[in-house]
Amino acid sequence: MFRPRSETVPTVTVIINSRPVPVPLGSTAAAALLAGGSNVSGSTGDDRPRGPFCLMGACFGCRVTIDGESGRRACMTSVQDGMRIDFDTLARKDLP
Amino acid sequence: MSGPSDSFDLIIIGGGPAGLAAAVESARHGVRSLILDNHPEPGGSVFRDLVAAARHRPGDLACFSAYAEAGLELLAAVKRAGTTILSGSSVWSVEPDGSVHASTPAGPRTMHASRLLIAAGAQERPCPIPGWTRPGVMTAGAAQLLMKQSGLVPTGRVVLAGSGPLLTMVAAQLAGFGADVAAVLDTSTIGDALAGLPRLPAAVSGGPDLLSYGLRLVHRLRRAHIPIHRGVKNLRILGKGDDGPAETIFWDGPGGRGSIAADLVLLHAGLIPDTRITRLLGCAQEWSAEQWSWRPRLDGWGNSSIETVAVAGDGTGIAGWRAAIAAGRMAALDTACRLHRLSVAERDRLARPLQRTRRRAMGLRRFLDRIAPPGAGFLAPPDETILCRCEGVTAGTVRNLLRDGCAGVNQIKAFTRCGMGSCQGRFCSASLANLVVAETGRTMEDVGEMTVRPPLEPMSLEVLANSEE
């Protein structure tokens with residue numbers, strides 16, 4: 001997946017599917033998913049797994065539940081310390 | 001609900017280089033403007049996150065040297081100008097009378113302005129090839145944003161495939177960040193490079209610094225012994241099972257068949273203007289064969305076919321951030337003139353150096369468009385390729401419909417749901433039109449584009465209900 005280039009950057013901790021993941025300050029939730037080892041974050045109309053793809057808000061591949069609100073584009077959401085990021089159940093079913 | 005506080009001289013949609021520059025120029029002439037931007041931070045795809053990077057990871061900025069300084073300067077200027085930027089705000093409808101409907105972090109809001117400046121920018125061109133929907137396949141721009149936003153580097157083997165300056169740039173930046181870049185697969189050919197030669201002089205005088213920056217990047221790739229395969233075609237990505245993560249990318253090239261293992265495949269085939277807002281408004285559009293994309297038809301100041309609407313930046317055709325800044329300022333100057341804050345003579349005087357900047361940028365761009373023809377290699381994907389990522393509609397399904405006499409893109413959309421998923425056609429509309437043109441031999445002007453309807457962004461019914469007056 002992805003790792004921080006430098007280990008010394010300031011981080012915040014987000015909770016991805018109940019697992020704490022440290023991510024660099026200033027990241028988006030999509031970056032947090034990728035840094036946390038998930039390149040599958042959901043599925044689409046055809047029930048196939050999809051992951052973050054464009055990271056600029058256009059593809060809707062990274063929609064997840066953030067702090068209880070479903071359908072949010074992870075790439076358009078800045079991380080906050082303690083933010084909860086969950087994939088919806090449909091997506092979990094598709095995880096390889 | 002709309003009140004005096006929701007009335008402006010100019011509403012700028014998009015907080016990238018064009019929008020920010022327009023706000024700075026507007027403020028200079030007493031034009032009251034507002035910027036709506038749908039990302040958490042302003043700057044657009046090129047400048048966003050530079051402030052955070054400068055603060056938290058100053059060492060990383062060197063990797064983005066070609067534009068970091070200009071970006072930070074522009075962001076500081078807009079701050080000094082005191083323009084309100086509504087970040088995190090999705091515009092879901094716009095009307096020719098100057099009304100803008102948005103869901104903002106503070107709730108739904110309808111605003112109004114004498115003039116609108118659409119500075120919505122561009123997106124990466126969809127690259128439909130077999131396997132491009134697999135996890136572990138992203139766009140090259142996405143990897144660049146991860147570097148800029150978060151200083152993140154891919155952990156496994158990375159292969160970049162497609163064409164265009166950004167492909168080379170991201171490959172070199174990734175290598176500089178310590179990523180394992182295994183190969184660059186370039187769909188453009190030696191013939192394309194030769195065909196670009198007549199345009200080289202204009203490119204050299206147009207953007208000598210950017211051109212030499214590009215050459216340094218190519219040199220850096222060579223020095224790092226990263227193989228660059230040119231003239232590749234028939235790209236396809238295989239992986240675990242039917243839909244699982246990417247593992248290998250295959251291609252056919254001048255030297256025969258090739259394949260390489262990849263944990264991450266980054267695709268790129270140039271940029272296309274985001275024309276959804278101007279299409280929704282009904283602004284006349286024109287097809288650019290050179291850039292293989294639609295763009296609004298504009299006068300030299302960026303004015304569209306609709307009296308109240310101007311457009312600036314890469315949303316008017318890809319020309320890069322320098323041209324976008326100049327175009328944003330020109331649109332603001334013309335707005336100031338129309339609102340009688342600036343004389344025609346003064347507008348023209350201030351615009352002269354900006355026109356020069358745009359001409360120079362186009363000199364470079366016309367060269368780049370020729371050596372890496374936009375979209376090449378992705379225009380007629382094989383039948384099994386998914387065209388519409390959201391609804392899983394394949395190229396084969398579309399071909400069958402065309403053989404059965406299906407007339408056009410809107411009819412195909414209605415039959416297949418291609419373009420009706422959550423991205424609303426942003427990652428299939430262009431590919432669908434390409435396929436129809438390739439299969440039927442009709443012109444792009446004749447085929448046209450999918451109709452754009454509000455809401456432009458998915459929104460909750462609650463927001464929709466609250467916005468009705």
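Helices here are DSSP runs of at least four residues, numbered from the N terminus. The model described is a predicted one.

Helix 15 itself covers residues 429-440 of chain B, 12 residues in total. From its first C-alpha to its last the helix reaches 17 Å, which is close to the 16 Å expected at 1.5 Å a residue. The buried residues of this helix are S429(B), A430(B), S431(B), L432(B), A433(B), N434(B), L435(B) and V436(B). Their packing partners, also in chain B, include both strands and helices. The strands are strand 17 (271-273) and strand 21 (386-388). The helices are helix 13 (395-403), helix 14 (409-416) and helix 16 (444-447).

In soluble globular proteins, nonpolar side chains tend to be buried together. In the present model, the largest nonpolar core has 161 residues. Within this core, the residues that touch the most other members are I11(B), I13(B) and V265(B). The element that gives the most to the core is helix 11 of chain B (residues 321-338), with 12 residues. The surroundings of I11(B) can be listed individually. When residues up to four places away in sequence are not counted, I11(B) touches L34(B), L36(B), V100(B), M111(B), A113(B) and L116(B).

Chain B also holds an open sheet of 3 strands, in the order 13-14-15, with antiparallel pairing. Strand 13 (233-239) and strand 15 (256-261) are the edge strands, as each pairs on one side only. From one strand to the next, the twist averages 20 degrees. Strand 13 and strand 14 (residues 246-253) of chain B run antiparallel and are joined by 5 bridges. At one position of this arrangement, L238(B) stands opposite T248(B), a residue of strand 14 of chain B.

Chain A has 96 residues, of which 53% count as buried. Its secondary structure consists of 2 helices and 8 strands. Along the sequence these elements follow the pattern β-β-β-α-β-β-β-β-β-α. Among the contacts in chain A with a separation of 6 or more, 43% are between residues 24 or more positions apart.

Technical notes:
Residues are numbered from 1 along each chain as its sequence is written. Chains are lettered from A and ligands numbered from 1 in the order in which they are written. This is a predicted model: local features need pLDDT of at least 70, side-chain atom pairs count only at pLDDT 80 or more; totals for chains, interfaces and linings use all residues. The expected span of a helix is 1.5 Å times one less than its number of residues. A residue is buried if 20 or more other C-beta atoms lie within 10 Å of its own, exposed if 12 or fewer, and partly exposed in between; C-beta atoms are placed from the backbone. Two residues are in contact if their C-beta atoms, placed from the backbone, lie within 7 Å. A nonpolar core is a set of buried Ala, Val, Leu, Ile, Met, Phe, Trp, Tyr and Cys residues joined through C-beta atoms within 7 Å. Two strands pair if DSSP finds at least two bridges between them. Axes are lines fitted to C-alpha atoms, for helices over the stretch in contact, and angles run from 0 to 180 degrees between N-to-C directions.
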